[in-house]
Amino acid sequence: MDTDTTEAGGAHTDQTSFGPVGVIGAGAMGAGIAHVAATAGHAVTLVDAVPGAAAGAVERIGAVFSRLVDKGRMPAGDASAALARVTSGESLDDLPNCGLVIEAVPEDLDLKRRIFADLADRQPSTTVLATNTSSIDIDDIAADVADPERVLGLHFFNPPPVMTLVEVVQGKRTAPAYVEHATALMTAWGKTPVRCSSTPGFIVNRVARPFYGEAQRIVESGIADAATVDWILRERGGFPMGPLELTDFIGQDVNLAVGTSVWEQTGRDERYAPTAFQRGLVEAGRLGRKSGQGVYTYAADGSVDGVEPDVELAERLVGGPIATDPLARTLAMLVNEAVDLVARGEASADDVDTAMRLGTRYPKGPIEWGREIGFDVVARQVAELDEAYPGGRYRPSPALTDGSIR
Ligand SMILES: NC(=O)c1ccc[n+]([C@@H]2O[C@H](COP(=O)([O-])OP(=O)(O)OC[C@H]3O[C@@H](n4cnc5c(N)ncnc54)[C@H](O)[C@@H]3O)[C@@H](O)[C@H]2O)c1
């Protein structure tokens, strides 16, 4: 592909010259992305297959702008100008010729694949076609597009106007120049883009797996109860939420689906195998806060009913043998996962750290943590875990000891 920036739909870092933006799917993510693109100065067309859904989303975007004006966080003139830039439609035919189209329909490969084939037929050959998928391979989505070099992932986090992280995902056939353009555009929109290849879970949903999995295994094996594990990760690890309370917040079903998707896409790698503990919760309908019960039981006002951490036990476990230390065990596996991703060339060390700090609010990036703990120490810890729990889950990344990550 020509590397002239005008080739990619006029994709300059000056976002207004990028041209109109189309957004497909006016749900939670699509509406938020339209909000962000309009605020950045683009004419935006938001379309949804359900009649009236896109128009309703535009109304909701207007209401959000009004609240921002009331709170003094957006000048009234900017809000009315941004809202005037957003129009709605009910089919892909309602989109003008766009510089960029972002798809945010439900997570269904067949649906997305069909939409991309239709979009490629309808939009100029220079339009960048992006998907907000959380888990589907970019090349699979682009399978029926004649020129897949212009297809990439722009993975926004929820809610898009608030969360600054965007994972810019490069499929095997995506042209690097389009990735450059999209990355520059996200920066111009006030976002913090990180780049990665189309690896299962991308950065955040891949590297975060052990945060949940280790806690579930520790509770499952009776080393400590949930409240104590959460207390350790919060109070001794500095994480804003413990892993078990976080899965209740996310929804056990949603968290299990992401984990299962990564597990399936990695050929059922033991490292990502869903736990019986979490499967049991989902089968029992204990989906977390939204169902009133998950790992914890919630009162009507959202408070957690009668569980106290065993602080004495927590103090004994932290700093003890790695197999029973929830904090060291979790950190070792986070570092191992991050190092593996970087060593495979799927993302840079800096981007992994940025993604985990912004996407999951970890207090430190896992590579930075690895440097602090010592990569050789982490290698020994993971090897010890492998001895304690054989079966392939605990494999030290060769990059921990071969000097390739510093
Ligand atoms: N919700 C999140 O936290 C989150 C975060 C990051 C990425 N994602 C991804 O973003 C995408 C959308 O997620 P969401 O939570 O906004 O979903 P959602 O269910 O809230 O919205 C999807 C919208 O797409 C519409 N739609 C369905 N088929 C369509 C079609 N053929 N043409 C046009 N519109 C159609 C639906 O009517 C609905 O309004 C998914 O791929 C999801 O994995 C979600």
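**Salt bridges and a surface patch**

1. Both D147 and R150 are buried, and the two residues form a salt bridge in which the closest N and O atoms are 3.1 Å apart. The model is a predicted one, and the salt bridges in it come to a count of 20.

2. A salt bridge also joins E214 and R329, with 2.6 Å between the closest N and O atoms. This pair links distant parts of the chain, since E214 lies in helix α8 (residues 209-220) and R329 in helix α14 (residues 326-343), 115 residues apart. E214 has a relative accessible area of 0% and is therefore buried, and R329, at 2% relative accessibility, counts as buried because the cut-off is under 20%.

3. R395 and D269 meet through their side chains in a salt bridge, at 2.9 Å from N to O. Here too distant parts of the chain are linked, with R395 in the segment after α17 (375-388) and D269 in the loop between α11 (252-265) and α12 (276-283), 126 residues apart. D269 is buried, its relative accessible area being 17%, whereas R395 counts as partly exposed at 33% relative accessibility.

4. Beyond these pairs, a network of salt bridges links R206, R271, E337, D340, R344 and E346.

Key:
Residues numbered from 1 in each chain as written. Predicted model: local features only at pLDDT ≥ 70, side-chain atom pairs only at ≥ 80, totals over all residues. Heavy atoms only, no water. Salt bridge = Lys/Arg side-chain N within 4 Å of Asp/Glu carboxyl O. Buried < 20%, exposed > 50% of the residue type's maximum accessible area, 1.4 Å probe, protein only. Helix = DSSP H or I, 4+ residues; strand = E, 2+ residues; numbered from the N terminus.
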